[in-house]
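This report describes a structure by its ligand surroundings, its domains and its packed helices. Look at the model before reading on.

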Amino acid sequence: MSVATQLNEESPEKLLSPVLSAFWDEPDSWTLETYLRHDGYQGMRKALEMPPDDVIAYVKDSGLRGRGGAGFPTGMKWQFIPQGDGKPHYLVVNADESEPGTCKDIPLLFANPHSLIEGMVIACHAIRSHHAFIYLRGEVVPVLRRLHHAVAEAYRAGYLGKDIAGSGFDLDITVHAGAGAYICGEETALLDSLEGRRGQPRLRPPFPAVAGLYACPTVVNNVESIASVPAILNRGKEWFRSMGSDKSPGFTLYSLSGHVTSPGQYEAPLGITLRQLLDVSGGMRPGHRLKFWTPGGSSTPMFTDEHLDVPLDYEGVGAAGSMLGTKALQCFDETTCVVRAVTRWTEFYAHESCGKCTPCREGTYWLVQLLRDIEAGKGRMADLDKLADIADNINGKSFCALGDGAASPIFSSLKYFRDEYEEHVTGGGCPFDPALSTAWGGASHLEVNA
Amino acid sequence: MTNTPEQGAVGLGMPEMPAPEYPADVRARLEADAAEVIGRYPDSRSALLPLLHLVQAEEGHVTRTGMRFCADLLGLTTAEVIAVATFYTMYRRKPSGDYQVGVCTNTLCAVMGGDAIFEALQQHLGIGNDETTEDGKVTLEHIECNAACDFAPVVMVNWEFFDNQTPETAKRLVDDLRAGLTVKPSRGAPLCTYRETARVLAGFPDPRAGAVEAGGGAGHASLAGLRLAKGETVPGSPGRIVSPRSSGYPSDEPPPGHPSSHDAPHATSASDPDHPAGPVTDGTEEGE
Ligand SMILES: Cc1cc2nc3c(=O)[nH]c(=O)nc-3n(C[C@H](O)[C@H](O)[C@H](O)COP(=O)(O)O)c2cc1C
Ligand code: SF4
Ligand code: FES
C-alpha cells in the first residue's frame with residue numbers, strides 16, 4: 001500500500017502534463033489562429049535558424065522515442081538518412097492508427113493538426129526533405145477535412161511552400177487518405193501502399209532510411225512523435241527531459257478505454273502507472289474491478305490487476321513482459337470473458353493478415369477456428385496446447401510484426417487465464433453473460449446488487 | 001479477401017470483354033480531377049488509391065469502368081488496378097446504399113455493446129452484414145477498431161463518428177437516415193452521401209460551408225485528462241473525487257453509492273498463488 005499512500009499526495013494537476021492536448025478545450029482549437037496563440041510555429045522558427053545536423057542532434061539529445069509502437073529514438077532515425085547522396089529525401093507521417101485500442105493520433109489531428117504540420121517542417125529541415133506525406137487512414141473523414149484545412153492555412157501563412165518564414169527552406173505536404181487495411185500501418189507496407197500498390201511489407205534491408213519511398217531515403221514517423229518535436233525545440237530539451245525517466249523521457253498521450261469511469265486521453269510524463277491514472281480519473285466503473293488490460297493495444301501482451309504498478313514507459317512495461325506499444329490502455333472488468341476478447345482480436349488479425357507469409361496467413365486462420373470452437377464449448381483440452389503451439393509458430397517466424405502481434409494475446413491470455421479456457425472446455429461453453437459487460441449493462445448490474 | 005470482380009466471377013472459358021468506357025463528358029470531367037490528383041505525387045502511380053476513391057465517388061462503388069479509367073490514366077494494366085482495388089476494404093465492389101453504417105465490433109467496442117448494437121440493427125433492418133436495405137439507403141456492415149475506443153461503442157456512418165451508441169440510439173439513427181432527415185454525427189460535419197464522402201477521400205476539400213468547423217473541437221472523452229489537469233471534475237464521474245486529498249486514501253472508505261469506485265486497493269484472488277488467474281471465478285458468479 002505504500003505506493004497508494006504516496007499517491008495520496010499527488011493531485012491530477014501534478015500527475016498529468018498536457019502539452020499537445022493543452023488547448024483542445026478551446027472552441028476553435030484546430031485553427032492556425034488558436035495554435036499561434038499557444039506558441040505555435042515558435043519551435044519551427046528556432047529550428048530553421050539552426051543547421052539541419054544541429055536539429056537532429058538536439059532531438060536526439062532530448063531522448064524522444066517513437067510513439068508508433070516500437071519506441072525507436074527519433075533523432076537517431078533521422079540521422080540514418082544519408083546526406084549529399086543527390087536523391088530526394090522524404091518524410092512520411094504514419095497516421096494509419098488502426099491498432100485495436102489505439103485512439104490518440106486521431107483526436108490529436110482533429111483538435112490540433114498544426115502541431116503535426118509544424119513538426120513536419122522541423123523534421124524535413126533536419127533530414128533535408130522538400131516533400132512530405134501524411135498517410136491518414138481513410139475511415140476518419142472529419143479528421144481528413146481538418147488536415148486539408150490546416151495544410152491550406154499553413155500554405156497561406158507561409159509556413160509551407162516556398163521560402164518558409166523567410167528561411168529559404170521549401171516544403172510541400174501531400175495529405176493522402178488510405179483505403180482500409182491495418183497492415184498499411186506497418187512502415188514498409190505503408191510505403192508500398194503510398195506508391196499505389198497492395199499494402200504488403202517489404203523485405204528489410206534495405207531499410208526505408210536508405211531505400212524507402214520511390215527507393216529514396218525516407219523517414220517514417222508516427223503522428224505523435226512528429227507532433228512532439230515543436231514543443232521540444234521551443235521549450236528546450238532540458239524541459240522535455242525533466243519529465244519521465246532517463247531512458248524514456250518526456251510526455252505522452254495515454255488512451256484509457258473500456259470499463260473505466262472516465263475513458264479518454266490523458267497526457268502525462270512517461271512512467272505513470274495505470275493505478276495512478278485510474279486513481280485520478282475515477283477508477284473502474286462503479287461496482288466492478290479490473291480483470292485484464294493491454295498496455296499498448298491488442299498486439300502487446302495483456303496484463304492483469306497484478307500489473308497496476310508497472311511504470312508505463314518503454315523499460316518498465318518491457319521488464320514486466322509486455323510492450324508499451326501505443327499506450328492504448330484497454331481495461332476490461334470481471335464481467336468480460338477473456339476467451340471472447342482474444343477470439344475477437346484473433347479474428348481481426350486473420351482478417352488483416354496481408355497473406356504474404358505462410359505462418360501468419362495460415363496460423364491466424366487456424367487460431368480462429370480453434371478459438372471459435374473453444375468459445376462455443378466445442379473445444380478439447382488438447383486444443384489449448386495447440387493454440388500455444390500455433391502461436392509459437394507465428395511468433396518470430398513471420399515476415400512482419402503483425403504476426404508477432406497476433407501471437408501476443410494468445411500467449412498472455414493462456415499464461416494468466418488458462419483456467420478460464422479450461423472452463424469453456426469442461427463446462428461446454430462460455431460462463432459469462434455478455435449483457436453485463438456492455439456500457440449500459442454494468443449500471444443495471446449495479447442496481448441489482450445495490 | 002475475395003478477389004473476384006463482381007461480374008464474370010464464374011469463368012466459362014470466354015474471356016471477359018473489356019469494360020465500357022465512361023461517356024465522353026464524364027470522362028472529361030474525371031480526367032480534369034484526376035490530373036489534379038496525379039499532380040500531387042512525384043510518381044503517378046501513387047495517385048491510384050485516391051483515384052479509386054474518385055471513381056467510387058462517381059458511381060458509388062468501384063466498377064470495371066472505373067478501374068479501366070484508372071489503368072488508362074496511370075499506364076497500368078487493369079489486372080494491376082484490380083489487384084489493388086480488391087486489397088482494401090473501403091472500395092465497394094457492388095452497388096450499395098447512400099449511407100454505409102459500420103458498427104465497430106473489434107473487441108473493446110464489441111464487449112462494451114457493439115455486438116448487441118450490430119445484432120439489433122440486423123434485426124431492425126432485416127438485413128445481414130454487407131447487405132443493403134430495399135430502399136437503397138442503408139448498407140450495414142461491421143467494422144474494425146476506428147480509433148475511437150474511448151467513445152465506445154462506436155458506430156460510423158459514411159466514416160463520420162457516432163459515439164457512445166446503444167441499440168436504441170443506433171436504431172433511431174438508421175430510421176432517421178431512411179426517412180431522409182438531416183443527421184449530425186457526434187464529431188464532424190452533417191452527413192453527406194457516400195459518394196460525396198468518397199470525393200473528400202480522393203483529396204478534394206468538402207465544398208459545404210462550415211463542414212470543417214462542424215462538431216466543434218475535441219470530443220468529451222478527448223478532454224478527460226485536460227479537464228483533470230485543470231482541476232475540473234472528471235466528465236461522467238460522480239463528483240470531484242480526485243483532489244484535494246487531505247485525509248486517507250479515498251477508496252479505503254468507498255464513496256457513498258459507489259461500492260468500488262476503483263479497483264486498486266481491493267484484495268483480489270490474484271494475490272492467491274494457487275489461483276493466479278484472479279477474478280475468473282467471481283466473474284463466473286456474476287455472469288450467471
Ligand atoms: C501491423 C502493424 C501496424 C502498425 N500500425 C501503425 C500505425 O497505425 N501507426 C504508426 O505510427 N505505427 C504503426 N506501426 C509501426 C510502424 O511500423 C513504425 O514503427 C512507426 O510508424 C514508426 O514511427 P515512430 O518511430 O515515430 O514510432 C505498425 C506496425 C505494424 C507491424
Ligand atoms: S506477418 Fe502477416 S501481415 Fe506480416 S507479411 Fe506475413 S502475412 Fe503479411
Ligand atoms: S474498438 Fe471500436 S473504436 Fe476501437
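By class, how many nonpolar, polar and charged residues does the shell around ligand 2 have? The shell has eight nonpolar, four polar and two charged residues. Here Ala, Val, Leu, Ile, Met, Phe, Trp, Tyr, Cys and Pro count as nonpolar, Asp, Glu, Lys and Arg as charged, and the others, Gly among them, as polar.

This is a predicted model, in which local features need pLDDT of at least 70, side-chain atom pairs count only at pLDDT 80 or more, and totals for chains, interfaces and linings use all residues. Residues are numbered from 1 along each chain as its sequence is written, while chains are lettered from A and ligands numbered from 1 in the order in which they are written.

**The two ligands**

A residue is counted as near a ligand if its C-beta atom, placed from the backbone, lies within 6 Å of it. There are 14 residues around ligand 2, and C354(A), C357(A), C360(A), S398(A) and C400(A) come nearest. Helices (H or I, at least four residues) and strands (E, at least two) are DSSP runs, numbered from the N terminus.

Ligand 1 is surrounded by 23 residues, the closest being G66(A), G68(A), G185(A), N222(A) and S225(A). In chain A, β4 (218-222) and α19 (401-426) each give two or more residues to the shell of ligand 1. The most comes from β4(A), with three residues. Sorted by class, the shell around ligand 1 holds seven nonpolar, nine polar and seven charged residues.

**Domains of chain A**

Domain bounds come from an automatic or database domain assignment. For chain A the assignment is as follows.

| Domain of chain A | Residues |
|---|---|
| Domain 1 | 17-240 |
| Domain 2 | 245-333 |
| Domain 3 | 338-431 |

The C-alpha centres of domain 2 and domain 3 of chain A lie 24 Å apart. Their contact takes eight residues from domain 2 and ten residues from domain 3; two residues are in contact if their C-beta atoms, placed from the backbone, lie within 7 Å. The side of domain 2 that touches domain 3 has four nonpolar, four polar and no charged residues. Ligand 1 draws at least three residues of its shell from each of domain 1 and domain 3 of chain A.

**Where the chains meet**

The contact takes 98 residues from chain B and 105 residues from chain A. On the side of chain B that touches chain A, the largest share, eight residues, comes from α5(B). That side of chain B has 54 nonpolar, 31 polar and 13 charged residues.

Helix α16 (residues 338-352) of chain A packs with α5(B) at an angle of about 130°, and their axes are 9 Å apart. α16(A) is therefore oblique to α5(B). Axes are lines fitted to C-alpha atoms, for helices over the stretch in contact, and angles run from 0 to 180 degrees between N-to-C directions. Angles under 35 degrees count as roughly parallel, over 145 as roughly antiparallel, 65 to 115 as roughly perpendicular and the rest as oblique. A341(A), R344(A) and W345(A) in α16(A) meet T107(B), A110(B) and V111(B) in α5(B).

**A helix pair in chain B**

In chain B, the axes of helix α3 (residues 64-74) and helix α4 (residues 78-85) come within 8 Å and cross at roughly 120°. α3(B) and α4(B) are therefore oblique to each other.
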